[in-house]
Amino acid sequence: MSARRRLVWLGLTPEPEQELPAAVAALRDPADGHPPPALVAAERHRVQRLVLRGTQGSWLRYLREVTDLVVGAAAGPAAADPRPALVAGEVVLDHHRMLIGLPGTAYARTAVQRRELEEALARLSARSRPTHRGHTEPRRTV
């Protein structure tokens, strides 16, 4: 495999590098929704190290770990703040959907994660919508 093909995964999108560190840190330490700055910095360093020195395989293993955190948050107590899991889940799902344009088997290998993320995001989104007493949706006419 050429060096160029081995690095093509790096050009997908910058959102994981930008969005995941804070969201993942909040998922790892969900106590009050504000993870310690040291935990955010450690997560940022981990992501940078993976991007600069890692492989597509190590990157996908990290995203599998993030997927597990999102799925766990969706299965957890409804009182927990769903926003970090929503951010992380949407970023990873978007990333995994873009893999279809790359050579290799990464898109197929992440099919289960995409399904897990879609289900988790649906649960988390439903949890984050405000409910209003006595409010009914307007009837649709066709």
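**View 1. The salt bridge between Glu43 and Arg28.** In this predicted model, Glu43 and Arg28 form a salt bridge in which the closest N and O atoms lie 3.0 Å apart. Because Glu43 belongs to helix 3 and Arg28 to helix 2, the pair ties together parts of the chain that are 15 residues apart in sequence. The two partners can also be described by their accessibility: Glu43 is buried, with a relative accessible area of 4%, while Arg28 counts as partly exposed at 32%.

View 2. The side chains of Arg46 and Glu65 meet in a salt bridge with an N to O distance of 2.9 Å. Arg46 lies in helix 3 and Glu65 in helix 4, so this pair ties together parts that are 19 residues apart in sequence. Arg46 is partly exposed, with a relative accessible area of 25%, and Glu65 likewise counts as partly exposed, at 27%. Arg28, Glu43, Arg46 and Glu65 are linked in a network of salt bridges.

**View 3. The salt bridge between Asp81 and Arg83.** Asp81 forms a salt bridge with Arg83, and the closest N and O atoms of the two are 2.8 Å apart. Asp81 counts as partly exposed at 36% relative accessibility, whereas Arg83 counts as exposed at 59%. A search of the whole structure finds seven salt bridges.

**View 4. A patch of negative charge on the surface.** Glu15, Glu19, Glu90 and Asp94 gather in a patch of negative charge on the surface. The elements that contribute two or more residues to this negative patch are helix 2, spanning 15-28, and helix 5, spanning 83-98. Asp94 is found in helix 5 and, at 40% relative accessibility, counts as partly exposed.

**View 5. The largest nonpolar core.** The largest nonpolar core holds 27 residues, of which Leu20, Trp59, Tyr62, Leu63, Val66, Val70 and Ala88 touch the most other members. Two or more residues are given to this core by each of helix 2, helix 3 (37-53), helix 4 (56-75), helix 5 and helix 7 (111-128). Helix 4 supplies the largest share, namely seven residues.

**View 6. The chain as the setting for the close-ups.** The chain has seven helices and zero strands, and its elements run α-α-α-α-α-α-α from the N terminus on. Of the 142 residues of the chain, 34% count as buried.

Conventions. Residues numbered from 1 in each chain as written. Predicted model: local features only at pLDDT ≥ 70, side-chain atom pairs only at ≥ 80, totals over all residues. Heavy atoms only, no water. Patch = residues over 30% accessible without salt bridge, like charges linked within 9 Å, V, L, I, M, F, W, Y side chains within 5 Å. Areas by Shrake-Rupley, 256 points an atom, 1.4 Å probe, with all protein chains shown as cover. Salt bridge = Lys/Arg side-chain N within 4 Å of Asp/Glu carboxyl O. Lys, Arg positive; Asp, Glu negative; His and termini not counted. Charge placed at Lys NZ, Arg CZ, Asp CG, Glu CD. Helix = DSSP H or I, 4+ residues; strand = E, 2+ residues; numbered from the N terminus. Buried < 20%, exposed > 50% of the residue type's maximum accessible area, 1.4 Å probe, protein only. Core = buried A, V, L, I, M, F, W, Y, C linked by side-chain atoms within 4.5 Å.
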